[in-house]
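This report walks through one protein chain, topic by topic. Please keep the sequence and the structure in view while reading.

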Amino acid sequence: MVDVTKEEVNLIQPETIFWSIFTFMWIVYIWESYLSHRQKETFERTKEVPEPLRDILDQETFEKSRLYQLDKARFGFWHGVFGQTESTLILLYGVIPWLWKFAGDITANFGYGSEYEIVQSLVFILLSSVVSYVIDLPWSIYSTFVVEERHGFNKQTFGFFIKDQIKKQLVLFAILLPIVAVLIYIIQWGGQYFFIYAWVFAFVTSMLLVTIYADYIAPLFDKYTPLPEGELRTSIEGLAASIAFPLYKLYVVEGSKRSSHSNAYFYGFYKNKRIVLFDTLIEDYKPYVDEDKPKDEEDGEEEQQEDQQELLEKKEEKKMGCNNDEILAVLAHELGHWKLGHNLKNIVISQVNLFLCFFLFALLLQQKVLFEAFEFYDSQPTLIALLIIFQFVFSPYNELLSFCMTVLSRRFEFQADAFAKSLQKAEKLRTALIKLHKDNLGFPVADWLYSAWHYSHPPLLERIGALDKTD
Ligand SMILES: [Zn+2]
């Protein structure tokens, strides 16, 4: 039982906190499962192309996407059951305090006692990430090589997948560990106003990461080739110039090496903006082969050329991707997000939110009862406080915030579509959206409650409806 001393009367018992957190976790899970179940029933029920889509979608593509979505839904259900069981066991069996102690035993063996809290924290992060990663690995293998493969999206070999995953984890640790170390230091030594310094640090770090991502991080994983001179390039540059978009670089990324899902996005600060197109988005993209380049040890030029040949053939037979005018319409939409300041608004919202969270964190940090709820009786490690408060205590708030951001994102999508329309690109955007929808085997019918909660983009029919509206 908890020792309630005279100086420290807790109005709330640790047990109450623990069980509230535990219950809320289950409420979220049941709610999400209910939504997924409604969505799955929609897939099962809707066997015919709905009337307004008859001239856009053929029955065959429709049925294909229906089966793909059903497959993903079944996978999602079992993955969810597994994840929820795992989280439940972690909380019930006190895995967090046990792992913290275990990390402490390891560091003590190397001569770093409990006074080296930052070292112990980093070992804790390493252990917990590696273990949870390994536990989840069979699921991601199954998702890539069974579910995606079955529907023709997977383009990765097993060797590429494993190498890619290891690289991802190493890069993640190289970035995450120093950040956490500095953050803990700031929280411990920052005094009364540490939350301001912590927020400034988080803000500067995130801006720095965004800045170096395109040049130093993304190229570790994918090949970025400048879009070759030609009609497409000229017209994209023309479009950028016409709305004063500071286009700095224009790349094509070999997304086809991973998956045949297609996309486009822009990126960067101030005058340093780049547009990235997936090779799968471009109907007649001829992969660029550098003759002078030494042989790529990783997968061999020959194999690469074979892959590219395969991609061309695949596009040929399925007529995947968009033509130049449609790509321009897609980019007009993307640049609409920039022109309308959507990205800036998102950054402001997330930074204000982060400041608020650090402020509340500072208030809660002194509450020993929070630590006791997670069986930390005689120490209050900062990392554990971050974990408990940010992940568990803030969880209801996080759910609400994420719902609001989804609603906002849908608004932004309509606005970006309207922007493309104002540039006389409505007709091309309409056909591009339909093509991309087909290429990605999107399903045009959704349960209203599921889509209201989860869809960051409005359903296809609503977007087309808004584009078609004459005003
Ligand atoms: Zn958009």
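Is Glu326 buried or exposed? In this predicted model, Glu326 has a relative accessible area of 4%, and Glu326 counts as buried because the limit for that word is under 20%.

The partner of Glu326 in a salt bridge is Lys435, and the closest N and O atoms of the two are 2.9 Å apart. Lys435 belongs to helix α14 (residues 426-439) while Glu326 belongs to helix α9 (residues 324-339), so the pair ties together parts that are 109 residues apart in sequence.

## Other salt bridges

Side chains of opposite charge can pair when their charged atoms come close. The structure holds 16 salt bridges, including one in which the side chains of Arg66 and Glu63 meet at 3.1 Å, N to O. Both of these residues lie in helix α2 (residues 59-92), where they are three residues apart, about one turn of the helix. Arg66 is buried, at a relative accessible area of 7%, whereas Glu63, at 26%, is partly exposed.

A further salt bridge joins the side chains of Arg54 and Glu51, again with 3.1 Å from N to O. Here Arg54 is partly exposed, with a relative accessible area of 45%, and Glu51 is exposed, with 57%. Elsewhere, Asp71, Arg74 and Arg150 are linked in a network of salt bridges.

## The sheet and a helix across it

Strands of a sheet pair through backbone hydrogen bonds, either parallel or antiparallel. The open sheet in this model has four strands in the order β1-β2-β4-β3, and its pairing is mixed. Its edge strands, which each pair on one side only, are β1 (224-226) and β3 (264-267). On average, neighbouring strands are turned by 30 degrees against each other, with direction ignored.

Strands β2 (residues 247-253) and β4 (residues 273-278) run parallel and are joined by six bridges; Leu247, for instance, has Lys273 in β4 as its bridge partner. Helix α7 (residues 231-242) lies across β1, β2 and β4, and runs at about 140 degrees to β2.

Helices α6 (194-217) and α10 (342-364) each supply at least two residues, and α10 gives the most, with five. Val204, which lies in helix α6, is partly exposed, with a relative accessible area of 48%.

Methods:
Residues are numbered from 1 along each chain as its sequence is written. This is a predicted model: local features need pLDDT of at least 70, side-chain atom pairs count only at pLDDT 80 or more; totals for chains, interfaces and linings use all residues. Side-chain values use heavy atoms; hydrogens and water are left out. Two strands pair if DSSP finds at least two bridges between them. Axes are lines fitted to C-alpha atoms, for helices over the stretch in contact, and angles run from 0 to 180 degrees between N-to-C directions. Contact means heavy atoms within 4.5 Å. Buried means under 20% relative accessible area, exposed over 50%, partly exposed in between (1.4 Å probe, protein chains only). A salt bridge is a side-chain nitrogen of Lys or Arg within 4 Å of a carboxyl oxygen of Asp or Glu.
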